Amino acid sequence: MYNPAKNRQMEKSKLDQWVFRGYFSEYDKKLRLLASEMTAETWNFDGQEEYSILRKYITYTFEKLRDEQKNITDDTKFEYIYECENCACFNTGLFDRNWQQIYFYCEPNEPGRDQKWRFQNFFNSYTITYKPIPANKLRRPNYFTNPADLIFNVNLSITPQWSHILDDSENFNRLPESIRILGKSTCQTIILGAIERIRQRAQANYKTIVPQWRKGKIQLLAPLFLTNEKVPDLALVMSLDDNGEKYIGHTCLTREMAYNNARLIARPDSDWLHP
């Protein structure tokens, strides 16, 4: 199976239920080739499995397209995930060095296999024309309709949800140990100071706050510099309240988690969120 042994007990992703991606080493080679065909980009954090970001990107891109396809009842359904008797394909949302779109191409799997399809390769807009697929009509995932949702409004305040950030043990343990040992009250004071500083930085450069896709909606990521002013320790996840009058700080993510969520929309153009 595609998943490494350490992950065999995990529930298969929607993509792995749909397609057999090949054995891990086979798929890894194809990811390496794909990465070489795109503009220079780092696809894993130090110490992580090679192309871990790219693997997750492909998986979540398929899931987003599948979710969009659920709501389509007319003959445009194939534009999200194309399937016919001989092949299947979807738009990865990625581009090669010549700005041609890249597609995930499959052919029928061997009889008796769990998945209907077997992944063959990544093709660009030119090479895919040799397949019976209307590639020019295959849609990229749509993460937003209003571009304003991607921009942080510096005139609004930020109200952290302390019950999630400090009282939830998983979230609390994401804080640096040097901060945690000071107690929750001191942690709260330090985080509030970091939030105020980042609001000031956002006024000077709106790119400081980065959009992400999480739990079916657009949210914003603010870097929290808790132990130094050069590398953020965490990213605060924010979204507008129901009245659009302030931001709610829901939780804190590691930079790795934040980057994976942000990369679904676009490669983050920031000075802090990068592998």
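**Figure 1. V19 has W117 of strand β5 as its bridge partner.** The model is a predicted one, in which local features need pLDDT of at least 70 and side-chain atom pairs count only at pLDDT 80 or more, while totals for chains, interfaces and linings use all residues. Residues are numbered from 1 along each chain as its sequence is written, and side-chain values use heavy atoms, with hydrogens and water left out. Helices (H or I, at least four residues) and strands (E, at least two) are DSSP runs, numbered from the N terminus. β1 and strand β5 (residues 117-124) run parallel and are joined by 2 bridges; strands are taken to pair if DSSP finds at least two bridges between them. The open sheet concerned has 5 strands in the order β1-β5-β4-β3-β2, and its pairing is mixed. Its edge strands, β1 (19-20) and β2 (82-83), each pair on one side only. Helix α3 packs on this sheet and touches β2, β3 (88-95), β4 (101-108) and β5, its direction making about 120° with that of β3. Contact here and below means heavy atoms within 4.5 Å. Axes are lines fitted to C-alpha atoms, for helices over the stretch in contact, and angles run from 0 to 180 degrees between N-to-C directions.

**Figure 2. Helices α2 and α3 cross at roughly 95°.** The axes of α2 (residues 24-37) and α3 (residues 52-70) come within 11 Å. The two helices are therefore roughly perpendicular to each other; on the scale applied, angles under 35 degrees count as roughly parallel, over 145 as roughly antiparallel, 65 to 115 as roughly perpendicular and the rest as oblique. On the α2 side the contact is made by F24, Y27, D28, L31 and L34, and on the α3 side by L54, R55 and I58. By class, this contact has 6 nonpolar and 2 charged residues, with no polar ones. Ala, Val, Leu, Ile, Met, Phe, Trp, Tyr, Cys and Pro count as nonpolar, Asp, Glu, Lys and Arg as charged, and the others, Gly among them, as polar.

Figure 3. L15 lies in α1 (residues 14-18) and is buried, its relative accessible area being 0%; buried means under 20% relative accessible area, exposed over 50%, and partly exposed in between (1.4 Å probe, protein chains only). Residues up to four places away in sequence not being counted, T59 touches S13, L15 and R21. Y105 is 90 residues from L15 along the chain, and their C-alpha atoms are separated by 13 Å.

**Figure 4. A further open sheet has 5 strands in the order β6-β10-β9-β8-β7, with mixed pairing.** β6 (158-160) and β7 (210-214) stand at the edges with a single partner strand each, so one side of each lacks a neighbour in the sheet. From one strand to the next the twist averages 40°. Helix α7 (residues 184-204) packs on the sheet, touching β6, β8 (217-224) and β9, and its direction makes about 105° with that of β8. Strands β9 (residues 234-240) and β10 (residues 247-253) pair in the antiparallel sense over 6 bridges, and M238 stands opposite G249 in β10.

**Figure 5. β7 and β8 run antiparallel, joined by 5 bridges.** Of the 5 residues of β7, 4 are buried, and the strand is mostly covered. P211 has L220 of β8 as its bridge partner. The hairpin of β7 and β8 has 2 residues between the strands, and K215 takes a positive phi near 55° there. L221, found in β8, is buried at a relative accessible area of 0%. Among the residues that L221 touches, those up to four places away in sequence not being counted, are V210, Q212, V237, L253 and W272.

**Figure 6. C89 and its nearest cysteine sulfur, that of C106, are 7.3 Å apart.** A disulfide is a pair of cysteine sulfur atoms within 2.5 Å, and by this rule the count is 0. C89 is thus in no disulfide, and at 0% relative accessibility C89 counts as buried. C187 is in no disulfide either, the nearest cysteine sulfur, that of C252, being 10 Å away. C187 counts as buried, at 0% relative accessibility.
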